[in-house]
Amino acid sequence: MEALEKYLPELAERFYSQIPHHPNAFRVFSGGDAQIARLKQTLQAWAKALFCGVYDHAYAEERYQIGYRHVRVGLEQKYVISAMGIVRAFLSECLLLEFPASDVRLRYARAVSKMLDLDLNLMCESYMHASMQNLRALNEHLERANRDLAEASRSKDEFLAQVSHELRTPLNSILGFTKLILDGLTKTRDEERELLRDVFSSAQHLLGLVNDILDIGRIEAGRMAVRVEDVDPREVLDSTLPLITIPAHEKSLELCDETRNTELPLVRADEVRFRQILLNLLSNAVKFTPPAAPGEPAGRVSVRARVLPASDAPAAPDGHGFLRFEVVDTGVGIQEEKREAVFELFVQGSAGPRHGGSGLGLAISRRLVQIMGGAIGIENGDAGSGTTVWFTLPLAPNQAEQVAPFAHEKPAARVRK
Ligand code: HEM
């Protein structure tokens, strides 16, 4: 068999004159002429080992590694198989030249064919191994996805059970109180009005829950439409803060608009959704800030705003900066590990129905902010030391981008105590 060794340089030339024409060869030969010159040498070394007759573990491992190099460069197995055809054809030509027609040539031809089969099998083993690894990874991925789906479905079921309960409570009040009135069981006109007020606020609460559920339905179906235009944040703040003054007052909380003496630039937003987000954050802040114990300073909920210039933050799609709002409270806070979860659908952070409401507000707010091109998050506020929820909205074009620090003009900014 050594007689064939003198043909190996020619084999290498023939091989590398043909395989660069394989359809995806241009992707795998990235090293130019120098790589091809090197590969001509390694191909000869490979072919020489074919004839050495020692097919032990080290030999198999070496072939496996050569196959593995091809897997790694992204060469499909079928090209290795067809390239082996080039080697096979060349070596049978050499046998014809080297040996006269005889049993010896036939024996050598069979031996060469077996050696090439063996090598091809060894090289292809790495392809099988790589496929198995891929399958295993895919399987793990599917198992994980399956577990996530089961978890999501469980959260959704729990959520449905909780929301159904939440819906029943105000409905029962509405039914119970109206029945009392209809059955004439109220003694005075004042008593009747008191019950009607409860009916009204239960109906309002119910409407809020139904609206949240409808919003989530739209968001989940990808049908949440927003009408983005230039909006004056001052108007939104001025029309939203009064809605929260009564609940804040009932808990003796200070409500501070720290933006009051600052000029705020226009933002690109859907005004109704902008108000909804702000109201949601403010309601949460009031809900989770307990009234002060006797002798303690009053709890406090503040709104701040400042401009983030385009150079300071990942710019909005049109290259403008953002206006960042913060709702800061001195309430019960939220643990670090729960901060992401409160923005997820059907996952209850501390803002769950235990405190009333659908528990969907933050998830809805996040989607709305994202649709409008901004971001939302929770900062500092470890459990017990209050929470800061912030969100950003893109600045309208041509808005001044001066950096305005958060205003701290508490006494003048106080809305109501
Ligand atoms: C019977 C078929 C083939 C044999 C015997 C063979 C042999 C070899 C050998 C011995 C090496 C060197 C491996 C090392 O240094 O560890 C190598 C590397 C390489 N082969 Fe092949 N080859 C075959 C088919 C192909 C085909 C069809 C292509 C492309 C169309 C190809 C592309 C390459 C490339 C790009 C490398 C370099 C890989 C790297 O740098 O890691 N080979 N081949």
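How are α7 and α10 oriented to each other, oblique or parallel?

**Entry 1: the model.** I worked from a predicted model, in which local features need pLDDT of at least 70 and side-chain atom pairs count only at pLDDT 80 or more, while totals for chains, interfaces and linings use all residues. I numbered residues from 1 along each chain as its sequence is written, and side-chain values use heavy atoms, without hydrogens and water.

**Entry 2: α7 and α10.** I looked up helix α7 (residues 189-220) and helix α10 (residues 361-371), whose axes come within 10 Å and cross at roughly 45 degrees. Helices are DSSP runs of H or I with at least four residues, strands are E runs of at least two, and both are numbered from the N terminus. Axes are lines fitted to C-alpha atoms, for helices over the stretch in contact, with angles from 0 to 180 degrees between N-to-C directions. The two helices, α7 and α10, are therefore oblique to each other; angles under 35 degrees count as roughly parallel, over 145 as roughly antiparallel, 65 to 115 as roughly perpendicular, and the rest as oblique. I noted that Asp212, Asp215, Ile216 and Ile219 of α7 make the contact with Gly361, Ile364 and Arg367 of α10 (heavy atoms within 4.5 Å).

**Entry 3: the iron atom.** I found that His70 (NE2), at 2.0 Å, is the only protein donor of the iron atom of the ligand. Donors are N, O and S atoms within 2.8 Å of the metal (3.2 Å for Na, K and Ca); water is not among the atoms, so sites may look incomplete. His70 lies in helix α4 (residues 57-72).

**Entry 4: Leu253.** I located Leu253 in the loop between α8 (233-250) and β2 (254-257). Leu253 and Pro297 are 44 residues apart in sequence, with 9.6 Å from C-alpha to C-alpha.
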